[in-house]
Amino acid sequence: MRNLMRMNKARGFDCPGCAWGDDNKSTFSFCENGAKAVTWEATRRMVDTDFFAKHSVTTLYTQSDYFLEYQGRLTHPLRYNAETDHYEPISWDDAFALIAQHIKAMDHPDQMELYTSGRASNEASWLYQLFGRLMGTNNFPDCSNMCHEASGTGLKRSIGVGKGTIRLDDFDHADAIFVFGQNPGTNHPRMLHSLRHAADHGAKIVTFNTLRERGLERFADPQKPLEVVTSRAGNISSSYYQPNLGGDMAAVRGMVKSLLETHRARLAAGESGLFDQTFINAKTNGIEAYLEAVDNTSWMQIVAQSGLTQAQIREAAAIYQSADRVICTWAMGITQHKHSVDTVREITNLQLLFGQLGKKGAGLCPVRGHSNVQGNRTMGIDEKPAKAFLDALGNHFNFEPPRAAGHNTVEALNAMLRDEVKVLIALGGNLAAAAPDSPRTEEAMSRCGLTVHISTKLNRSHLVPGHEGLILPTLGRTERDLQATGNQFITVEDSFSMVHASEGIGIPLAETQRSETWIVAGIAEAVLGDEKVKWRELAGDYNLIREHIAATIPGFADFNAKCDIPGGFYLGNAAAELRFNTPSQKAEFNASALPTSLFPNLDQDVPFTLQTLRSHDQYNTTIYGLDDRYRGVFGQREVVFINPDDMADLGFTEGQNVDIETLWNDGITRRVSGFKLVPYNIPRGNLAAYYPETNPLVPLNSFGDDSGTPTSKSVPVKLELSEALADQRIA
Ligand SMILES: Nc1nc2c(c(=O)[nH]1)N[C@H]1C(S)=C(S)[C@@H](COP(=O)(O)OP(=O)(O)OC[C@H]3O[C@@H](n4cnc5c(=O)[nH]c(N)nc54)[C@H](O)[C@@H]3O)O[C@H]1N2
Ligand SMILES: Nc1nc2c(c(=O)[nH]1)N[C@H]1C(S)=C(S)[C@@H](COP(=O)(O)OP(=O)(O)OC[C@H]3O[C@@H](n4cnc5c(=O)[nH]c(N)nc54)[C@H](O)[C@@H]3O)O[C@H]1N2
Ligand SMILES: [Mo]
């Protein structure tokens with residue numbers, strides 16, 4: 001509780017749960033799932049060296065992800081011994097020397113992949129990217145490639161900046177909030193407080209979600225700060241639409257089609273139009289081509305693809321029309337499809353028509369996942385870094401940074417499969433379980449010369465080492481970080497571009513655990529020496545790192561001084577000030593047609609589209625427990641949600657076990673077995689099952705156009721009764 005009470009306060013630690021902002025007015029600055037994230041990290045259980053002496057990697061591999069993380073915190077640096085198949089203790093110095101040996105033996109810096117998961121601090125990730133660029137590579141695959149990449153890419157093209165344009169208090173001023181493809185009751189519980197405040201002020205909350213999610217249907221109960229969704233609560237969404245998976249672009253296109261009709265009818269009647277013509281003329285480019293694309297999209301196509309009726313879409317459009325100030329938020333239901341960049345841009349098109357940028361209570365809000373994933377990008381964890389950023393870095397450190405684009409996550413895995421990767425370093429995360437196509441991903445990782453995992457807990461990635469493997473135990477954000485000059489704090493950035501300090505208080509379990517920043521500095525020093533950069537000095541005093549950040553990244557002037565501002569400081573957002581850093585210097589409408597199909601490369605019929613999503617008891621690949629309370633699932637995770645009529649049509653019944661098999665065109669069988677059928681309120685032809693259990697079904701080379709994000713929310717599949725059961729039926 002002591003940890004929790006300090007969370008998200010002026011200089012407590014930032015909640016590692018999600019990237020929602022901190023509402024300093026709210027009495028409840030933490031939530032049930034934030035509490036789980038903190039207590040999970042703060043466990044006193046340890047996986048010490050005895051544990052690894054007892055269990056071989058092969059036997060650990062047969063255990064569940066839940067079992068692996070439940071063993072507790074990693075405490076000692078470990079080296080994989082392929083002969084004994086055990087991890088054995090190694091000293092920090094020897095570990096760094098081994099890494100340096102492998103890296104120095106590479107023929108080219110691009111033979112290294114530097115993965116990052118979005119919990120890493122600004123300081124650690126900035127240092128990490130500096131190391132990579134001084135080495136000469138932009139190979140920075142990260143969790144963002146599997147997450148909000150489409151938001152960054154789409155927004156950058158449309159409005160010149162890849163981040164959301166609103167601030168947290170905009171929710172208090174909105175007349176309508178449209179929530180697309182997101183389950184905040186589980187994944188961003190503090191967002192429900194913002195939605196509740198907004199609804200209290202009369203705002204309409206309009207939800208587009210394939211599933212009926214209880215968290216979006218029910219109000220937060222202020223009496224129960226930890227459990228924000230209760231059965232006694234009132235409605236949170238004024239309208240709830242359930243589009244097909246991947247149907248949101250069509251739904252928004254339909255809304256615009258309906259609004260365009262009204263707009264034209266008004267103009268024809270000599271009245272003023274519906275759209276914000278002043279804004280459109282002064283600030284945007286490409287409206288003619290876009291409206292032509294809208295005219296060319298038929299209602300038949302819109303209805304078929306969205307799965308919504310014309311009446312539903314017109315109703316949503318009417319709500320939009322009646323609101324002066326509109327916020328659109330979205331998450332993985334929008335970004336993990338083939339046409340996600342176009343979908344993000346379609347939402348932006350709608351907002352541009354009505355000038356919903358640059359005013360209070362309005363704007364675009366991609367709700368980020370990991371608590372510092374947005375900050376990682378700001379710090380330069382980016383396989384396609386901007387020229388201006390590289391120039392600044394090169395000038396400041398007097399070197400020529402690599403200019404060619406590096407690998408994203410899928411490209412990195414493909415490079416490993418081609419035996420082009422000698423060294424994989426992972427700053428956090430669980431690449432083996434988070435990436436698609438699990439057998440291919442594991443094969444890829446095990447082909448590396450050396451894999452290095454900087455981790456808090458044991459996970460699947462550690463069990464698929466390369467020819468050599470290291471696990472480096474690190475401190476979590478909740479823990480005290482004592483360095484040469486005293487206790488250190490780090491900084492993070494939330495979904496609203498607020499940067500703030502975070503300082504842990506928990507006493508580390510073992511002296512051999514080290515901070516991420518210290519570890520990154522140790523690796524860099526062992527490989528590069530300290531001529532150009534005094535890595536050890538930086539690791540001893542994070543203020544020095546922040547001085548370098550201030551000198552190389554816009555918006556961070558006086559960084560150290562600003563860290564004292566309670567609640568943090570705002571980085572600013574050019575698009576929110578109506579400055580658009582696009583080639584035309586205007587916001588760009590996007591005139592893409594709707595996709596002809598979600599699976600253009602398949603010529604067979606696709607009976608079902610499957611989405612892979614999170615339960616209430618997990619943090620990505622970390623499984624806290626086996627319940628998914630709001631969806632009524634208890635004690636199990638291998639379930640598949642299905643429309644009752646689809647189940648009846650197949651002749652299947654509730655509780656039967658099925659195999660799910662992917663329909664793809666590369667001759668590889670992708671199949672998971674024994675998933676229990678759970679009838680659910682979901683449109684026909686759509687299925688849902690949990691990630692990461694269903695990651696084997698997502699083909700590695702099925703990813704979003706221009707985003708490279710695995711299509712985790714639209715997997716073409718068929719269902720069959722599992723063999724054991726099929727046999728029973730025959731018997
Ligand atoms: N407790 C907890 N918090 C978390 C996480 C966690 O695992 N646990 N993960 C963090 C991370 S990294 C992220 S990225 C976020 C993820 O936050 P979310 O995006 O909320 O996560 P998902 O569980 O993937 O849920 C996707 C939601 O979109 C809906 N959906 C899926 N496909 C479609 C579609 O095509 N159209 C529409 N309209 N809806 C669709 C699903 O029904 C589901 O409600 O949460 C972050 N916060
Ligand atoms: N099928 C499918 N696949 C998906 C998704 C999906 O919806 N469906 N979602 C995707 C998304 S949105 C994301 S963001 C990725 C997530 O991908 P990752 O970020 O790689 O995965 P996580 O499960 O968040 O990583 C958990 C591990 O991080 C380590 N860890 C925890 N805290 C710390 C810390 O403070 N420091 C360090 N160094 N390590 C720490 C622990 O060892 C833990 O095992 O997965 C993606 N994969
Ligand atoms: Mo994410």
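**Cysteines, ligands and loops**

Analyst: Cys-365 is buried, with a relative accessible area of 1%; buried means under 20% relative accessible area, exposed over 50%, and partly exposed in between, with a 1.4 Å probe and protein chains only. This is a predicted model, in which local features need pLDDT of at least 70 and side-chain atom pairs count only at pLDDT 80 or more, while totals for chains, interfaces and linings use all residues. Residues are numbered from 1 along each chain as its sequence is written, chains are lettered from A and ligands numbered from 1 in the order in which they are written, and side-chain values use heavy atoms, with hydrogens and water left out.

User: How many disulfides does the model contain?

Analyst: A disulfide is a covalent bond between the sulfur atoms of two cysteines. The criterion here is a pair of cysteine sulfur atoms within 2.5 Å, and the count by this rule is zero. Cys-448 counts as buried, at 0% relative accessibility.

User: Which residues are the closest to ligand 1?

Analyst: A residue is near a molecule or strand if one of its heavy atoms lies within 4 Å of it. For ligand 1, 32 residues form the surroundings, and the closest are Asn-209, Glu-213, Asp-248, Gln-618 and Asn-620. Polar contacts (pairs of N or O atoms within 3.5 Å; within protein, one must be able to donate a hydrogen and the other to accept it, and residues adjacent in sequence count only if both atoms are side-chain atoms) can then be examined. An N or O atom in the side chain of Asn-209 is 2.7 Å from an oxygen atom of ligand 1, and a polar side-chain atom of Gln-611 is 3.1 Å from an oxygen atom of this ligand. On its own ligand 1 has 920 Å² of accessible area, of which the protein covers 99%; such areas come from the Shrake-Rupley method with a 1.4 Å probe, and for residues only the protein chains shown count as cover.

User: Is Arg-670 buried or exposed?

Analyst: Arg-670 is buried, with a relative accessible area of 3%. Its place is in the loop between strand 25 (657-662) and strand 26 (671-679); helices (H or I, at least four residues) and strands (E, at least two) are DSSP runs, numbered from the N terminus. The side chain of Arg-670 makes polar contacts with the side chain of Asp-437 at 2.8 Å and with that of Asp-666 at 2.9 Å.

User: Which residues does a cis peptide bond join?

Analyst: The bond joins Tyr-691 and Pro-692, with omega about 5°. Pro-692 lies in the loop between strand 27 (686-690) and strand 28 (715-721).
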